[in-house]
Amino acid sequence: MSFPLIPDYVFNDYTALTPELLRSLGIRLLLSDLDYTLAPKRQGEPDEALLAWTQALRAGGVTLAVLSNNRSSKRVERFCRDLGISYVGHAGKPSRRGFAEAMRKFGAQPGETAMLGDKLLTDTLGAKRSGIRMLMVEPKGGPFGAWNRVLHAMQEPFKRCCAEDRRA
């Protein structure tokens, strides 16, 4: 197992993840963080690009589900309903519990599951602890607030160590 804070891949954003790429990696279940990964935290509903990407994944045989630590399920529930996908809330990332629950829910094994996220200490650490691939993206809408700017700057050395940096 690699160092638990180094993602397997780094991308500019979720749109780089095509069904073909995911299938080539053997991925049939893609778990995703919501805030800063699929949309800026202040965005209330999915935009057309996210809706189209979700439909392309579905058509390509990849199940997309949100794995969220959000304290309130209202935003996640509304967002997922609009996307036509399911979610596991109060996941407790980086705990393995939420990852295991999601894989059970969708009948997937670690080798056919990946996590898409923007944070090392929750998404990446949790994915690595759960034995699944980690696909990291730059924060959607940029990091908001001083704490997120510091946190994302601290992540950069770990992202540079990943197996494949696909940022242009």
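Helices (H or I, at least four residues) and strands (E, at least two) are DSSP runs, numbered from the N terminus. This is a predicted model, in which local features need pLDDT of at least 70, side-chain atom pairs count only at pLDDT 80 or more, and totals for chains, interfaces and linings use all residues. Residues are numbered from 1 along each chain as its sequence is written, and side-chain values use heavy atoms, with hydrogens and water left out.

**Aspartate 35**

Start with aspartate 35. The loop between strand E2 (29-32) and helix H2 (48-59) holds this residue. Is aspartate 35 buried or exposed? Aspartate 35 counts as buried, because its relative accessibility is 8%. Buried means under 20% relative accessible area, exposed over 50%, and partly exposed in between (1.4 Å probe, protein chains only).

Leaving aside residues up to four places away in sequence, aspartate 35 touches Lys41, Asn70, Arg75 and Asp118. Contact here means heavy atoms within 4.5 Å. With arginine 75, the side chain of aspartate 35 makes a side-chain polar contact at 2.7 Å. A polar contact is a pair of N or O atoms within 3.5 Å; within protein, one must be able to donate a hydrogen and the other to accept it, and residues adjacent in sequence count only if both atoms are side-chain atoms. Alanine 65 is 30 residues from aspartate 35 along the chain, and their C-alpha atoms are separated by 13 Å.

**Salt bridges**

Side chains of opposite charge can pair when their charged atoms come close. A salt bridge is a side-chain nitrogen of Lys or Arg within 4 Å of a carboxyl oxygen of Asp or Glu. By this rule the model has 15 salt bridges. The table gives some of them.

| Pair | Closest N to O |
|---|---|
| Arginine 28 and glutamate 112 | 3.2 Å |
| Lysine 159 and glutamate 156 | 3.5 Å |

What does the pair of arginine 28 and glutamate 112 tie together? Arginine 28 sits in the loop between helix H1 (19-24) and E2, and glutamate 112 in the loop between helix H4 (96-106) and strand E5 (113-117), so the pair links parts 84 residues apart in sequence. Arginine 28 is partly exposed, at 31% relative accessible area.

Lysine 159 and glutamate 156 both belong to helix H6 (residues 145-160). They are three residues apart, so about one helical turn separates them. Lysine 159 is buried at 2% relative accessibility, whereas glutamate 156 is partly exposed at 21%.

Aspartate 165 is partly exposed too, with a relative accessible area of 37%. Salt bridges that share partners join Glu138, Glu156, Lys159, Asp165 and Arg167 into one network.
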